[in-house]
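Please keep the sequence and the model in view while reading.

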Amino acid sequence: MTPLTAAETYLQDFHQRQVGATSAAFAHLPASSPAGNWASSYEVLTSLVPAVDTPLSVLDLACGDGHLLGLLAARRQPRLQLLGVDMSQSELAAARAALPASVRLLYGRGQALDLPSASVDYLVSHMALMLMDDIEQVVREMRRVLRPGGQFAAIVGRTFLLGEVNEVFMRVFKPIASTELPPLRFGDRRTGSEAGWRELLDGSFADVEFDNIDVSWTPTPDELWTALLDTYDIDRLHDGARQRLRDAFMDAVAPLQAGDGLIATGWGLRAVRARAAA
């Protein structure tokens, strides 16, 4: 594997320290959009993979601890071939411990997939593509391994927190981040908008579609802060800056608590779907 970028080195370290952080954040929260409701944002992706008796291969790109693959494996489709790729050996070890032996797991990066061309029917990815460097090469690799007419579906970030909490958080976070957060660029800004995705997928994919996915949650302030600790930017703050951010955030978010002490918020995601062009 080619040398990792600075962002990839950080992500690899984070996921060694926080194995399963992504599934811990999203697997237990319901997801909704104008198109429907799902048990989780992972289920949005699994719902797009047909439950058929014919041969079908599914690649989970940046599979993490294997939660999405586990949902698909639980269907017990005898001719379903499941593959997962991740650049974190720690996440892959967790996936290997949790998944059936029939699931093939590979260590690698999205920019250079160790898979034959035109060998995959469905390529899915949950909360990862917006973090990847050289996303144009990732898209080329996705198209290479997909069969013509194969389906691509991903969950990516749309906004950070839902509702007024997002504005409150950004108001207290930005002044601290401006002086205390070491610069590090994650991914490509085009993955943050529908127009950007259309530009990235143009020529290689057709029938590009989007859904705004809301992962609603009503935590206490302490529960919300605990979840925020597992986000990359807050993780990268030094202890003193992180404590100052916590104090400022707790004060700022207090007026948003309902009578039961809970806060209406969640995570704003986007589903991206497309078909591999012939």
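## The parallel strands

Strand E6 (residues 120–126) is largely enclosed by the rest of the structure, because 7 of its 7 residues are buried; buried here means under 20% relative accessible area, exposed means over 50%, and partly exposed lies in between (1.4 Å probe, protein chains only). The model is a predicted one, in which local features need pLDDT of at least 70 and side-chain atom pairs count only at pLDDT 80 or more, whereas totals for chains, interfaces and linings use all residues. Residues are numbered from 1 along each chain as its sequence is written, and side-chain values use heavy atoms, with hydrogens and water left out. Helices (H or I, at least four residues) and strands (E, at least two) are DSSP runs, numbered from the N terminus.

Two strands are taken to pair if DSSP finds at least two bridges between them. E6 and E3 run parallel and are joined by 3 bridges, with Asp60 standing opposite Val124 in E6. E6 is also joined to E7, again in parallel, by 6 bridges, and there the bridge partner of Val124 is Ala153 in E7. Strand E4 (residues 80–86) is mostly covered, 6 of its 7 residues being buried. The parallel pairing of strand E3 (residues 56–61) with E4 extends over 6 bridges, and Leu59 stands opposite Leu83 in E4. E4 and strand E5 (residues 104–107) run parallel too, joined by 4 bridges, and Val85 faces Leu106 in E5 across this pairing.

The chain crosses from E4 through H5 to E5 in a right-handed β-α-β crossover; right-handed means that, with the strands pointing away from the viewer, the path from the first strand over the helix to the second runs clockwise. A right-handed β-α-β unit is likewise made by E3, helix H4 (residues 67–73) and E4, and another right-handed unit consists of E6, helix H6 (residues 135–145) and E7.

## Helices and their buried sides

Leu45 lies in helix H3 (residues 41–46) and is buried, with a relative accessible area of 1%. Leu45 and His126 are 81 residues apart in sequence, yet their C-alpha atoms are 8.0 Å apart in space. Leaving aside neighbours within four places in sequence, Leu45 is in contact (heavy atoms within 4.5 Å) with residues including Leu68, Val124, His126 and Ala153.

Helix H1 (residues 6–17) has 12 residues and should span 16 Å at 1.5 Å a residue, which agrees with the 17 Å between its end C-alpha atoms; the expected span is 1.5 Å times one less than the number of residues. Its buried residues are Ala7, Glu8, Tyr10, Leu11, Phe14 and His15. They lie on the same side of H1, because they cover an arc of only 160 degrees around the axis, the arc being that of the directions from the helix axis to the C-beta atoms. Ala6 and Gln16 are exposed, on the face of H1 turned away from its buried side. Helix H2 (21–26), helix H5 (89–98) and helix H10 (232–236) are among the elements that cover the buried residues of H1.

In helix H9 (residues 221–228), the buried residues are Pro221, Leu224, Trp225 and Leu228. These residues are on the same side of H9, because their arc around the axis is only 100 degrees. The cover over them includes E7, H7, strand E8 (205–217), H10, helix H11 (239–253) and strand E9 (265–276).

## Aromatic pairs

Rings of Phe, Tyr and Trp (its six-membered ring) pair if their centres lie within 6.5 Å; planes under 30 degrees apart count as stacked, over 60 as edge-to-face and the rest as tilted.

| Pair | Centre distance | Plane angle | Class |
|---|---|---|---|
| Phe152 and Trp197 | 6.3 Å | 40 degrees | tilted |
| Phe169 and Phe173 | 5.2 Å | 15 degrees | stacked |

The pair of Phe152, in strand E7 (residues 146–161), and Trp197, in helix H8 (residues 194–201), links distant parts of the chain, 45 residues apart. Phe152 counts as buried at 1% relative accessibility, and Trp197 is buried at 0%. Phe169 and Phe173 are 4 residues apart in helix H7 (residues 164–180), and therefore separated by about one helical turn. Phe169 is buried, with a relative accessible area of 2%, and Phe173 counts as buried at 9%. One aromatic cluster is formed by Phe26, Phe160, Phe169, Phe173, Trp217, Trp225, Phe249 and Trp267.
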